[in-house]
Amino acid sequence: MKTHTYSRREFVGLSAAAAGASLAGNTLGPLPPTLLPDPQAVAASDRVRFGMIGVGMQGSGLLSESIRLPGIECAGAADLYDGRHTLAREIVRPDLPVTRRYQTLLDDKTIDCIVAAVPDHWHKQVVVDAVSAGKDIYCEKPMSHSAADGVAMVAAGKQTGRIIQIGSQRVSSQICAKAKELIAQGTLGDLMLVEGWLGRNDPTGAWEYPPPPDLSPRTLDWDTWQGTVPKRAFDPNIFARWRCWKEYGTGLAGELPVYMRLNLGTEMPETYRIQGSKGILEVTGSTLSYTPQSGKDSGPSYYTGSYPRALREAYLAKWHQENDPKLGEAPMSETIAFSGPDFDDVRPHLWTFFEAVRTRKPVAEDVVFGHHAALACHMANESYFRKTIVSWDEATKTIKS
């Protein structure tokens, strides 16, 4: 009998989900075991060698998770910032081939596929170049920087027949799969409203990441990084915080949902959640609660995980020196909060991609899926900037007012 080793995160998540399912009755049942195989399940001849393009905040995480998967090997990494060459070697091995030119990875015939985590404005070019070079590719979400980019990426995928998986990891979450199953079974009856939210109130949450202190035109190919957008003078904040500029990112619509809602189809207690920059006030018919927020980073910015070790350790030491409370003077929490299990979706999502590279089976989120998901984000942005309602014209494949 095969056994599965779970991380604490996996165990807590699956255990809590299974417990919740058992409370709801026998029709739900426990969640299945992890989708990942045992390390011995992959023959040496079936190893997949991938090249990593982009080793920043998201890319370094994908790289770390990918090399933990059985039968998966990183053959090289590309990044325009030299500090991330150091980081890639710290993650994988000291002699890992690194380069500023991602085309070097595409030219390497021993590399089977690509995992890419680059700014949104580079997605189309990297994907089109990869599939044109005969490489399958995993590309971070949102798939495209514009509707036109998405159309070109879909066309390139169809023309080449290469596998393209987009990195909306929740598509591979067992929790989300179970929710989809329950909805399909009619457990909830007629579906009235789907809402999702994620609140942030600190500089890191607003993508205002601290640039690496050694960033300069000497350590970074700034002109290439800017791509085809109008050129700017070197600015380390743009490099670290590109999500804050529409020339490079897709903003709140591409990264996170923004919505207003009114539900008149399901009965629930009347609750008002008033959100401000200094906290949240929640009011019901008989209760009121206030949860204050400082608006400051509560810990070191996770963006510095993309620094080489020496810079990262210097940053952490300085941050703790300036921000850690004195002994006996730590602020006490003013509210009580409960949190559910975290999602375990990154590794399964990556595993789906690598398995597709091996077997040519369909992926969880292909280029058409990713294009349609991104289109909704582009349409939201276009509606905002045009200040009018927009629609998608399939005949011309453009967004129209």
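Predicted model: local features only at pLDDT ≥ 70, side-chain atom pairs only at ≥ 80, totals over all residues.
Me: Which residue of β4 is the bridge partner of I53?

Reply: Strand β1 covers residues 48-53 and pairs with β4 in the parallel sense over four bridges. Toward β5, V115 has Y138 as its bridge partner. For I53, the partner in β4 is A116.

Me: Which residues of β4 point the other way from C113 and V115?

Reply: In a regular strand the side chains alternate between the two faces of the sheet. In β4 (residues 113-116), C113 and V115 point one way, and all the residues named for this strand are buried, that is, under 20% relative accessible area, where over 50% is exposed and anything in between partly exposed (1.4 Å probe, protein chains only). The residues pointing the other way are I114 and A116.

Me: What share of the protein chain is buried?

Reply: The chain's secondary structure comprises 13 helices and eleven strands. Contacts (heavy atoms within 4.5 Å) with a separation of 6 or more in the protein chain come to 67% from residues 24 or more positions apart. Of the 401 residues, the buried share is 37%.

Me: Which residue of β8 is the bridge partner of R273?

Reply: β7 and β8 (residues 279-283) pair in the antiparallel sense over five bridges. For R273, the bridge partner in β8 is E282.

Me: What distance separates the C-alpha atoms of S289 and R273?

Reply: S289 lies in strand β9 and, at 35% relative accessibility, counts as partly exposed. Leaving aside neighbours within four places in sequence, S289 is in contact with I280, L281 and E282. S289 and R273 are 16 residues apart along the chain, and their C-alpha atoms are separated by 9.7 Å.

Me: At what angle do α6 and α13 pack?

Reply: The axes are lines fitted to C-alpha atoms, for helices over the stretch in contact, and angles run from 0 to 180 degrees between N-to-C directions. The axes of α6 and α13 (residues 367-386) lie 9 Å apart, and the angle between these helices is about 175 degrees.

Me: How many salt bridges does the structure hold?

Reply: Side chains of opposite charge can pair when their charged atoms come close. A salt bridge here is a side-chain nitrogen of Lys or Arg within 4 Å of a carboxyl oxygen of Asp or Glu. One network of such bridges links R47, R49 and E73. The number held by the structure is 16.

Me: How far apart in sequence are the parts tied together by R162 and D136?

Reply: R162 forms a salt bridge with D136, with the closest N and O atoms 3.1 Å apart. R162 lies in the loop between α6 (147-160) and β6 (164-166) and D136 in β5 (residues 136-139), so the pair ties together parts whose separation in sequence is 26 residues.

Me: Is D136 buried or exposed?

Reply: Its salt-bridge partner R162 counts as partly exposed, at 27% relative accessibility. D136 has a relative accessible area of 1%, so D136 is buried.

Me: What is the N to O distance in the salt bridge of R358 and E355?

Reply: Both residues lie in helix α12 (residues 346-359), three residues apart, about one turn of the helix. E355 is partly exposed, with a relative accessible area of 26%. The distance, N to O, is 2.7 Å.

Me: Which residues is Q226 in contact with, leaving aside its neighbours within four places in sequence?

Reply: Q226 has its place in helix α8 (residues 222-226). At 0% relative accessibility, Q226 counts as buried. Its contacts beyond those neighbours are H121, K231, R232 and Y248.

Terms used: Residues numbered from 1 in each chain as written. Heavy atoms only, no water. Pairing = 2+ DSSP bridges. Helix = DSSP H or I, 4+ residues; strand = E, 2+ residues; numbered from the N terminus.
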